[in-house]
Amino acid sequence: FICFQMTFAAITAALVFGATVERMKFSAAMVFTAIWLTIVYFPIAHMVWYAGDVNGLMMEWGALDFAGGTVVHINAGVSALVASLILGKRTGYPKEPMPPHSLTLTMVGTGLLWVGWFGFNAGSELEADGFAGLAMINTFVATASAALAWMLVEKMAGHKPSALGFCSGVIAGLVAVTPAAGNSGPFGAIVLGAVASVICYLAVAKLKPALG
């Protein structure tokens with residue numbers, strides 16, 4: 001159980017750096033990780049999930065987070081936003097185009113994430129039972145739905161559906177279904193993935209440029 005939880009802590013810290021890449025020294029990133037995990041991640045994880053047989057504080061309030069929507073994604077997203085505001089804009093933004101260095105590696109990384117995410121979501125049941133199976137199928141269909149929805153919205157916006165858009169949709173679907181993986185039905189997961197993908201596309205294409 002400790003090793004399983006350790007993987008969540010590791011990936012959550014890594015998610016924060018998606019927003020600060022090329023703007024923070026490696027040594028600073030390591031110091032940040034040690035401090036952030038201790039004072040931000042671990043308390044939230046403890047409150048949203050549980051410790052032994054005792055429910056966490058937010059779980060007592062009625063929070064439903066099957067595999068890390070609050071603990072991992074909201075936690076990392078808010079922290080990444082704050083870190084970006086503190087560090088300031090990346091040099092050259094928005095005058096210089098900043099596509100991924102390698103779309104091939106983007107595709108490889110997305111595939112690894114999708115496969116690994118089955119372990120996170122289905123594994124969060126901590127048993128090989130029906131809820132684990134439900135979490136696994138939800139993770140599959142929500143993500144596929146989100147990937148297709150992103151490319152469809154790209155097409156509707158007048159662009160060619162892209163491999164980068166496919167990857168972005170995959171990530172949007174994975175993130176959206178995570179807290180609901182053990183609670184939603186497969187059809188609900190399909191709808192959830194599609195809606196989340198559209199919202200994320202609009203955030204990337206419209207909101208981010210508007211906010212500078």
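**Figure 1. The largest nonpolar core of the predicted model.** This core holds 17 residues. Phe8, Trp36, Leu37, Tyr41, Val48, Trp49 and Val71 touch the most other members. Helices α1 (2-16), α2 and α4 (69-87) each supply at least two of the core residues. The largest share, six residues, comes from α2.

**Figure 2. Phenylalanine 8 and its contacts.** Leaving out residues up to four places away in sequence, Phe8 touches Tyr41, Trp49, Ala67, Val72, Phe120 and Ser124.

**Figure 3. Threonine 33 in helix α2.** Helix α2 spans residues 26-48. Thr33 has a relative accessible area of 15%, under the 20% cut-off, and therefore counts as buried. Thr33 touches Ala13 and Phe17, again not counting residues up to four places away in sequence.

**Figure 4. Packing of helix α5 against helix α7.** Helix α5 covers residues 103-123, and helix α7 covers residues 163-177. The two pack at an angle of about 20°, with their axes 10 Å apart. That angle is under 35 degrees, so α5 is roughly parallel to α7. The crossing of α5 past α7 is left-handed.

**Figure 5. Residues at the contact of α5 with α7.** From α5 come Leu103, Thr106, Met107, Thr110, Leu113, Trp114, Trp117 and Asn121. They meet Ala163, Leu164, Phe166, Cys167, Val170, Ile171, Leu174, Val175 and Val177 of α7. The contact residues comprise 14 nonpolar, three polar and no charged.

Key:
Residues numbered from 1 in each chain as written. Predicted model: local features only at pLDDT ≥ 70, side-chain atom pairs only at ≥ 80, totals over all residues. Heavy atoms only, no water. Axes fitted to C-alpha atoms, helices over the stretch in contact; angles between N-to-C directions. Helix = DSSP H or I, 4+ residues; strand = E, 2+ residues; numbered from the N terminus. Parallel < 35°, antiparallel > 145°, perpendicular 65-115°, else oblique. Left-handed = near helix turned anticlockwise from the far one by under 90°. Contact = heavy atoms within 4.5 Å. Nonpolar A, V, L, I, M, F, W, Y, C, P; charged D, E, K, R; others polar. Buried < 20%, exposed > 50% of the residue type's maximum accessible area, 1.4 Å probe, protein only. Core = buried A, V, L, I, M, F, W, Y, C linked by side-chain atoms within 4.5 Å.
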